[in-house]
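Hi,

Here is the structure I promised to send over. Have a look at it first, and then read on for what turned up.

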Amino acid sequence: MAMSSILNADDIKKALDAFAAGSFDHNKFFEMVGLKAKSFDEVKKVFLVLDADNSGFIEEEELKFVLKGFAKDGRDLTDKETKEFLRAADKDGDGKIGVDEFAALVKE
């Protein structure tokens, strides 16, 4: 499933363009792409796109490429951005993000 079938392609582009390397802010990004206004089911669809290996979790390695999940030309997150994103989302401390953790992070 393409991310543009869930979110507006122009919003995705604007959000990707807004965050140069080292400046990624997941809360602002989710707001800009319109994800905060989506239902749990729509957020879950986004999660499933980002869960590249279909494990039911977004692991740190997948998280590094999260912006590419929104658009093919999205940049990789820096190591620092990846770790901060994981720390913010991983509420149970297992080193990965489940769908409920992701949905909670989106709605923060």
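Which residues does L7 touch, leaving out those up to four places away in sequence? The list is I12, V33, G34, L35, K38, V46 and F70. Before you go further, please keep in mind that this is a predicted model.

L7 is a handy way into the core. The largest nonpolar core holds 32 residues, and L7 is among those with the most contacts inside it, along with F29, L35, V46, F70 and F102. Several helices give two or more residues to this core: helix 1 (9–18), helix 2 (26–32), helix 3 (40–50), helix 5 (66–70), helix 6 (79–89) and helix 7 (99–107). As a general point, nonpolar side chains in soluble globular proteins tend to be buried together.

Now for the aromatic rings. The count of aromatic pairs comes to nine. Take F19 and F24: their ring centres are 5.8 Å apart and their planes sit at 70 degrees, which is over 60, so this pair is edge-to-face. F24 also pairs with F29, and here the arrangement is tilted, with 5.4 Å from centre to centre and 50 degrees between the planes.

F19 has 8% relative accessibility, so F19 counts as buried. F24 comes out at 10%, so F24 is buried too. F29 has a relative accessible area of 1% and is therefore buried.

Ring pairs carry on from there and link F19, F24, F29, F30, F47, F70, F85 and F102 into a cluster.

One more ring to look at is F57. The charged end of K96 sits over the F57 ring, 4.3 Å from its centre.

Helix 1 and helix 5 are the elements that give two or more residues to the lining, and helix 1 gives the most, with five.

Cheers

Note on methods: Residues are numbered from 1 along each chain as its sequence is written. This is a predicted model: local features need pLDDT of at least 70, side-chain atom pairs count only at pLDDT 80 or more; totals for chains, interfaces and linings use all residues. Side-chain values use heavy atoms; hydrogens and water are left out. Rings of Phe, Tyr and Trp (its six-membered ring) pair if their centres lie within 6.5 Å; planes under 30 degrees apart count as stacked, over 60 as edge-to-face and the rest as tilted. Buried means under 20% relative accessible area, exposed over 50%, partly exposed in between (1.4 Å probe, protein chains only). A charge sits over a ring if NZ of Lys or CZ of Arg is within 6 Å of the ring centre and within 35 degrees of the ring normal. A nonpolar core is a set of buried Ala, Val, Leu, Ile, Met, Phe, Trp, Tyr and Cys residues joined through side-chain atoms within 4.5 Å. Helices (H or I, at least four residues) and strands (E, at least two) are DSSP runs, numbered from the N terminus. Contact means heavy atoms within 4.5 Å.
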